Amino acid sequence: MSARDLSREIAEVKKRRGERGLEWLSFAIDSLIQGWVDGQQSRLKADSCLIRSVTFLEVFTREWIAILVDHGSPYVERATELTKTPGLRFDYELARAIQGRSLSLGELVGHSVPVNRLEQILSCFETLLDGGFARRLATVVDRWAVEIEQNAPIPILHDYDKTCRDLERLFEIRHIICHELPAHPVYELGQVPGLLASAKDFIVAGTELLKATLHGRYPLTTADMYKGSTERLEAAEAELDKVFQTLLDRATDDPQRVQLLKSSAIAWSAYKQAQCDLAADEFRGGNHAGLLWLAEAFNSTQERIDSLQRLTQNE
């Protein structure tokens, strides 16, 4: 596939996905399991559920690869091993897409690596985490259940080896259903709940582990989330003020440039407010509206910092 085609393909995937983040995956697989339990348990429906669960595993993997690589060091350096995938070429078209911010390096890597087997998924995360992913995944616990609900610290994956066997079986079933015409059923309907549960547990445990890897003891309650988001935004705003002041200091002898900088700051502030209000409106009246506002404000501030830093480098 050419670089131009790859860039377009990733853009189309993002467009179809919309604004749904990784959090959506847990709700989606819960709905899948509930739909199987509550509905008519036919062979056709079972095929659909099992195929869909493998899709969730692949999306989980690609999205987290992108998040880790875009997080920066040390993951971006370790991703070098992943970019040795045959056919993955970093040429001008891809470089231009990344520079223009229509495509991130993480998205490129995550979209390009093969994730058609459990072995490949585990290998990607072992590489990015420099080993220890499987070992840590086998013991990770649900922090909410332990810290908020005061439950015993039982690993999310009650039997890691069985989970792996179930996932390997899921990938095998998906391949047979999608690429072959088997004369007889390749699984029993009674196996479906366990296979779906293993896919869910892997995603939940993986999410817990990877979030902790990037963010340490991240906040669990809404109050803690507000506190952490506010502190993060305040730190970004302080950095923005510092970069902006650097530009003003350099333009002391150029009144016209000073005025342009100040006008730009006023216009950007108005844009940020409107953009944050728009983002928060997705949960109008809900508990998470404020969190969305803070998240959008942080992202906008970081983009503004990057933009002004490029100006400092060009002067």
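1. The second largest pocket is lined by Asp 142, Ala 145, Val 146, Asn 151, Ala 152, Ile 154, Pro 155, Ile 156, His 158, Lys 200, Asp 201 and Val 204. Helix 9 (143-148) and helix 11 (192-215) are the elements that give two or more residues to this lining, and helix 11 supplies the largest share, 3 residues. Helices here are DSSP runs (H or I, at least four residues; strands are E, at least two), numbered from the N terminus. A pocket is an open set of points on a 1 Å grid over the protein atoms alone, where a 1.4 Å probe fits, with protein on both sides within 12 Å along at least five of seven lines; lining residues have an atom within 4 Å of a point.

2. The volume of the second largest pocket is about 190 Å³, counted as the space filled by probe spheres set on grid points joined across faces, edges and corners. Its lining comprises 7 nonpolar, 2 polar and 3 charged residues. In this division Ala, Val, Leu, Ile, Met, Phe, Trp, Tyr, Cys and Pro are nonpolar, Asp, Glu, Lys and Arg are charged, and the others, Gly among them, are polar.

3. On the basis of the note: the model is predicted, so local features need pLDDT of at least 70 and side-chain atom pairs count only at pLDDT 80 or more, while totals for chains, interfaces and linings use all residues. Residues are numbered from 1 along each chain as its sequence is written, and side-chain values use heavy atoms, with hydrogens and water left out.

4. The protein chain has 14 helices and 0 strands. Of its 315 residues, 36% are buried, where buried means under 20% relative accessible area, exposed over 50% and partly exposed in between (1.4 Å probe, protein chains only). Residues 24 or more positions apart make up 75% of the contacts with a separation of 6 or more, a contact being heavy atoms within 4.5 Å.

5. Helix 10 (residues 160-179) has 20 residues and should span 28 Å at 1.5 Å a residue; its end C-alpha atoms are 29 Å apart, which agrees. The expected span is 1.5 Å times one less than the number of residues. Its buried residues include Tyr 160, Cys 164, Leu 167, Phe 171 and Arg 174. The buried residues of helix 10 pack against helix 3 (43-71), helix 7 (118-128), helix 8 (133-137) and helix 11.

6. Which residues does Lys 272 touch, leaving aside those up to four places away in sequence? They are Glu 237, Ala 297, Ser 300 and Thr 301. Lys 272 lies in helix 13 (residues 255-280) and is buried, with a relative accessible area of 11%.

7. Most residues other than glycine have a negative phi, and most peptide bonds are trans. Asp 130, in the loop between helix 7 and helix 8, has a positive phi near 60° and is exposed, at 60% relative accessible area. Gln 150, in the loop between helix 9 and helix 10, likewise has a phi near 60° and counts as exposed at 62%. The peptide bond from Ser 73 to Pro 74 is cis, with omega near 0°; Pro 74 lies in the loop between helix 3 and helix 4 (75-78).
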